[in-house]
Amino acid sequence: MSLVRNLHVLLAYETVIGFVIRMALAFSGSASLANKAVRILPHIIDTVLLGCGFALVFALDHSFGESWLTVKLLALLAYIGFGVLTLRASRTPLRLLGAAGALLSVGYIFLVALSRNPLPF
Ligand code: HEM
């Protein structure tokens, strides 16, 4: 199971790196954002990341009733929503709101994951 855990953690860093790159492309108005690989690769990374997450829940005998897992999933929804806003918004203030929200959400996910505590501060 440590292989799945290591893959989950590796992809957790990958999703942030990928988001920061796409965010920079979005802010600079780069046409590369429409590139097929740039659009598809993040979906593959995120799908495997989630798949490993669900596998870990069952393999390590966790339950979705655990508060840290519940807030992790809620923060994940926020990360996705703010991420979509960053990449699709046409106005810079909305894009900035999306970028700040996405980075704060994913940072919170890391803190919760590492501490297994919904209030890791
Ligand atoms: C952007 C999304 C996610 C990020 C950034 C993320 C990040 C992480 C990190 C860094 C760890 C390692 C913690 C440690 O070393 O102690 C971890 C562990 C874990 N994650 Fe995630 N994760 C994400 C999504 C998910 C999802 C969606 C689930 C469940 C469906 C999940 C379930 C787990 C479980 C069960 C563990 C192992 C906890 C343990 O060792 O007991 N993760 N995650």
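User: How do α1 and α4 pack, in terms of angle and axis distance?
Analyst: In this predicted model, α1 and α4 pack at an angle of about 170°, and their axes are 12 Å apart. Angles over 145 degrees count as roughly antiparallel, and α1 and α4 are therefore roughly antiparallel to each other.

User: Which residues meet there, between α1 and α4?
Analyst: From α1 there are Val16, Phe19, Met23, Ala26 and Phe27, and these meet Arg95, Ala99, Ala102 and Val106 in α4. By class, the residues of that contact of α1 with α4 divide into eight nonpolar, no polar and one charged.

User: And α1 with α3, what angle do they pack at?
Analyst: Helix α1, which covers residues 2-28, and helix α3, which covers residues 67-88, pack at an angle of about 30°, with their axes 8 Å apart. That makes α1 roughly parallel to α3, since angles under 35 degrees count that way.

User: Which residues of α1 meet α3?
Analyst: On the α1 side they are Phe19, Arg22, Met23 and Ala26, which meet Gly83, Thr86 and Leu87 in α3. The contact of α1 with α3 has four nonpolar, two polar and one charged residues. Phe19, Met23 and Ala26 are named in this contact, and Phe19, Met23 and Ala26 are also named in the contact of α1 with α4.

User: Switching to the ligand, how many residues surround it, and which are the closest?
Analyst: The ligand is surrounded by 21 residues, of which the closest are Ala12, Gly53, Phe54, Leu56 and Ala113. By class, the shell around the ligand divides into 16 nonpolar, four polar and one charged.

User: Which helices supply that shell, and which gives the most?
Analyst: At least two residues of the shell around the ligand come from each of α1, α2 (36-59), α3 and α4 (92-115). The helix that gives the most to the shell is α2, with six residues.

User: Stepping back, what is the secondary structure of the chain?
Analyst: The chain comes to four helices and zero strands, and from the N terminus on its elements run α-α-α-α. The radius of gyration of the chain is 15 Å, close to the 14 Å that the globule rule gives for 121 residues, so the chain is as compact as a globular protein of that length.

User: What does the C-alpha trace span, and what share of the residues counts as buried?
Analyst: Along its principal axes the C-alpha trace spans about 45 × 30 × 15 Å. Of the 121 residues of the chain, 13% count as buried. As for contacts between residues at least 6 apart in sequence, 63% join residues at least 24 apart.

User: Last one, where is histidine 62, and what does it touch?
Analyst: Histidine 62 has its place in the loop between α2 and α3. Not counting residues up to four places away in sequence, histidine 62 touches Val57 and Leu69. Histidine 62 is partly exposed, because it has 14 other C-beta atoms within 10 Å, whereas a residue is buried if 20 or more lie within that distance and exposed if 12 or fewer do.

Key: Residues are numbered from 1 along each chain as its sequence is written. This is a predicted model: local features need pLDDT of at least 70, side-chain atom pairs count only at pLDDT 80 or more; totals for chains, interfaces and linings use all residues. Axes are lines fitted to C-alpha atoms, for helices over the stretch in contact, and angles run from 0 to 180 degrees between N-to-C directions. Angles under 35 degrees count as roughly parallel, over 145 as roughly antiparallel, 65 to 115 as roughly perpendicular and the rest as oblique. Two residues are in contact if their C-beta atoms, placed from the backbone, lie within 7 Å. Ala, Val, Leu, Ile, Met, Phe, Trp, Tyr, Cys and Pro count as nonpolar, Asp, Glu, Lys and Arg as charged, and the others, Gly among them, as polar. A residue is near a molecule or strand if its C-beta atom, placed from the backbone, lies within 6 Å of it. The radius of gyration is taken over C-alpha atoms; the globule rule is 2.2 Å times the number of residues to the power 0.38.
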